[in-house]
Amino acid sequence: MTDIIHNLKTTRTSQKPWLTLKAREMMEAWLFVSPSFIGFLIFFLGPLCAVVYYSLTEWNLLTQQATFVGLRNFENALLENPDFWHVVRNSVIFALGLVPLNMALALTLALALSRPFFGVVFFRTVFFAPVITSAIAWAIVWKFLLQGEGGFINQVLALVGITGPNWLREPGWAMAAVIITRVIKMVGLNMILYIAALQAIPRDYEEAARLEGASRWQIFSMITWPLLAPTTLVIMVITTIGSFKVFDHIYQMTGGGPENGTLVLAFYIYQQGFKFFNVGYASTLAMIMFVIVMALTIVQVMLRRKGME
Amino acid sequence: MTSLLLKGIEKHFGSVNVIRGVDLRIDDGEFVVFVGPSGCGKSTLLRLISGLEHISDGELMIGDRLVNEVQPSERGVAMVFQSYALYPHLTVRDNMGFGLKVRKVPAGERQRRINEAAATLKLDALLDRYPRELSGGQRQRVAIGRAIVGNPDVFLFDEPLSNLDAELRVHMRSEIAALHKRLSTTMIYVTHDQIEAMTLADKIVVLRDGRIEQVGSPRELYERPANMFVAQFIGSPKMNVLPAANAQLLTPAAVVPASAESVGVRPEHLKVSKAQDGIVRGKVSLCEYTGAITLLHVTLPDGQLCLVTSDDHMAPSLGSEIGLTAQAEKLHFFDHQGRREKPVSDVGVQ
Amino acid sequence: MTQRQIQILYRACWTIALLIAAIPFVFPFIWMVSAGFKSVTEIFGAPTLIPRVWRWQNFIEVFTYQPFARQYFNSLYIAILVTVLTLVIASLAGYALARMRFAGAGLLMLFLISALMVPEEVTIIPNFFLMRWAGLMDTHWPLILLPTFGPHGVMATFLMRQYFLALPKELEEAGKMDGLSRFGVWWQIALPMSRPALAAVAIITFLFSWNLFLEPLIFVSSLEMFTLPLALSNFNDSYGLPLWNLQLAATSLAVVPILIVYLIAQRQIIESFALSGVKG
């Protein structure tokens, strides 16, 4: 039979199209991704390279153009400029306040709302509502509520005989106010992620544990919490990165004040770059932010790998 | 008019060779079944013919056209998928007419062909339903209907019955056979179920590790397997393979070719006899009663297991010692590489 | 007490705790609307939920203080445009990354993943100079281009890719056998089956654009070009102090329609965010 096959003539050359099917698929694929890819090059990769270069230049209102100065800006930020460490300290306080509070509240709400009961939809809808609201609108309303004199919060406190502070005018209170209002705004998102994770845990585990006489707390600490670990990790990193990016909320509520008490990294970049036009220095700050976010992401990936093993 | 010719077909996925040089001729109107264990490349071979995978090397002719670089839709083939692949957002009618619409067949002609196919497959009442409203068997029929309306030169079936329950599978099998009889179009059918292969095929292609082991009619494969793999793959329960020396013990009439290393004998060709000298002996270690027949697991003295089917109602009891005999012409001999040795008795037959 | 009674008591305690917890989530919205109807003097008087005098005039002054209608329209059309663009671009690229074999796919994925993780703040300075160079300052182009192609657009691409990967491949192959081109398979088979993912991307993209603040703040300077968040933060008197009643009235106008849509489609909207899982 093999002989017959090889005796038959084929007409390969006359039928070959100008593109093979394989080459054609490749071309089509690049056509599909090209809008995305070109945009990526112009608005992301190009600017990312540029910001690396800017960070190595002296470029401000006085110079009006970029002069290469090597790592001078980094030296300035890390070693000389007291503002920088102040900002870092603020950002860290902000993150340390926001992340645990946000996560603890999100998990508590999720545990309460992961099983159907009368009113569950109402509560989920309520706790999630601030997430879809503009941060500016949210900050406007809270700034209004938190005014020193005549602000609603202080008027309520006055009813029980407490003289409330001038929340947004005293550095410590301002930071606390910004953190708490931000938690209220964003906790719904983490709550939803936790609910999804909780609902993905098979009921069998809990039922088996209950048959063995485990208490509610034992079931949570020995079954639910360990099974939530991957979700907790993701939420922790996302929330931490998110806390370093907070800008609009602080812009509207405190403008970085008082006495730079709420001046965090993202706001500092904006201030240096677009208010004071210190392009070189602002780019250096952007690079530092980039490194922090990357480091957090790498930590997350590594922890997740470790968790899988 | 639509024969197929595969010349030295190869397919690599990266460094993995899935198909390693397949030569095959499929004649017009033939029903060809690709069969083999999972991972043997039978589905890949079908997908190479359909054009859903690119051929790495070799030539594929459909009719007198070289189609290596021809789009799937222009090869004149239609495919019935394992999962049926019915568009969930379209009705049965639109599912069947979709290909025609893409090919800009006028609406009137389209309707005529859909109705014709629907009548053939008894789908008339279901035309305005959505796939999710159909049973498994009905979906299967729609999938076939979709293939028919395009009036293809070649039908390709990719394990079309594997998602159906046993009863429906037997039924659809006969419907596909009837369809082939009526259309007498070339059909290529992939399955891992050798019963499907045996009942449907004009020609079976047994594949292993991306190579053809044997091509032939079901009867040829059963009676004259080219090697030990085919011998054991075709037929159920599978063929027993024993050291060649046993041939003389099974029947004194056996003529053992000089280079034969093993002898194969199917369970249904072994006869139970009393244990005595000059006969293969063994102990019954398990009896599986299925009604029509009883399957005996017999442990031979060297520890090998040998299967025997017995339609005798007086099956031997568990643990008893029995003897086994066979007719000389039912023995298959294989050399040290597992290739078939022509028994001396074959010479006369051919 | 019986087991059943304990159960009921337990539930009741939880419900009351949740109701109390809900106050800071709901109250700001209520107070916002209420204060939007008050006069300046009443705002700083003793707090009342229902205004003593309903000052409808606030809602007229909102539109005379700055071109608020125009700004509202800006936000709306930009958000719609960004949503449509993102849907098209993300589903095209997501489809190719999910289904097509092409040289450079792996590298492209790696690039896009890295883009996903970099905040807009990092690249905003060079993008500022890029837009200035292109003469697009004080236009809406940066507000359309940057969100579409930025980390959010990449996130949408991955969301679409994940969804396409989970679709049965055989359906698309059937389409190919039926004579569809690649584009046809994408348009006529993959997209109709991806409605849930498309809806999710549409919802989060619309809200993302609608609430965007940093980009408008940097790229837009004339009042007619403002978007809503920028306009809202701009209700100040000549000393830079907030005109509270106008600002809260305007904020109500900006927030309440979105809240109404949210209440109607809360399930779909919440699920969309759960699906994306990487925002915030």
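Which residue of chain B forms a salt bridge with C:Arg101? In this predicted model, the partner of C:Arg101 is B:Glu53, and their closest N and O atoms are 3.5 Å apart.

**Contact between chain B and chain C**

The salt bridge of C:Arg101 with B:Glu53 belongs to a contact in which two salt bridges are counted between chain B and chain C. Eight residue pairs of these chains are in polar contact, with both members at pLDDT 80 or more. On the side of chain B that touches chain C, at least two residues each are supplied by α1 (42-50), β6 (77-80) and α2 (92-102) of chain B. By class, this side of chain B holds 14 nonpolar, six polar and four charged residues.

In residue numbers, chain B brings 24 residues to the contact and chain C brings 15 residues. About 1,700 Å² is buried between the two chains, with 60% of this area on carbon and sulfur atoms. Within chain B, the residues that lose the most area to chain C are B:Tyr87, B:His89 and B:Phe98, which together account for 28% of what that side buries.

**Contact between chain C and chain A**

Chain C also meets chain A, with 89 residues of chain C in contact with 83 residues of chain A. The buried area here is about 7,700 Å², and carbon and sulfur atoms give 81% of it. One salt bridge is counted between chain C and chain A. It joins the side chains of A:Glu25 and C:Arg182, at 3.6 Å from N to O. Polar contacts between chain C and chain A number nine residue pairs, both members being at pLDDT 80 or more. Helix α1 (residues 3-36) of chain C provides the largest share of the side of chain C that touches chain A, namely 18 residues. That side of chain C comprises 67 nonpolar, 15 polar and seven charged residues.

**The two domains of chain B**

The domain assignment divides chain B into domain 1 (4-228) and domain 2 (237-349). The C-alpha centres of these two domains of chain B lie 38 Å apart. Between them, eight residues of domain 1 are in contact with 12 residues of domain 2. The area buried between the domains is about 750 Å², with carbon and sulfur atoms giving 58%. On the domain 1 side, B:Tyr222, B:Pro225 and B:Met228 lose the most area to domain 2, together 67% of what that side buries.

The count of salt bridges between the two domains of chain B is zero, whereas five residue pairs are in polar contact, both members at pLDDT 80 or more. Helix α7 (residues 218-223) of chain B gives three residues, the largest share of the domain 1 side that touches domain 2. This side of domain 1 has five nonpolar, one polar and two charged residues.

| Pair | Buried area | Share on carbon and sulfur atoms |
|---|---|---|
| Chain B and chain C | about 1,700 Å² | 60% |
| Chain C and chain A | about 7,700 Å² | 81% |
| Domain 1 and domain 2 of chain B | about 750 Å² | 58% |

**An open sheet in chain B**

Chain B contains an open sheet of four strands in the order β11-β12-β18-β19, with antiparallel pairing. B:Phe334 has B:Arg340 in β19(B) as its bridge partner.

Methods
Residues are numbered from 1 along each chain as its sequence is written. Chains are lettered from A and ligands numbered from 1 in the order in which they are written. This is a predicted model: local features need pLDDT of at least 70, side-chain atom pairs count only at pLDDT 80 or more; totals for chains, interfaces and linings use all residues. Side-chain values use heavy atoms; hydrogens and water are left out. Contact means heavy atoms within 4.5 Å. Buried area is the accessible area (1.4 Å probe) that two parts lose on being put together, summed over both. A salt bridge is a side-chain nitrogen of Lys or Arg within 4 Å of a carboxyl oxygen of Asp or Glu. A polar contact is a pair of N or O atoms within 3.5 Å; within protein, one must be able to donate a hydrogen and the other to accept it, and residues adjacent in sequence count only if both atoms are side-chain atoms. Ala, Val, Leu, Ile, Met, Phe, Trp, Tyr, Cys and Pro count as nonpolar, Asp, Glu, Lys and Arg as charged, and the others, Gly among them, as polar. Two strands pair if DSSP finds at least two bridges between them. Domain bounds come from an automatic or database domain assignment.
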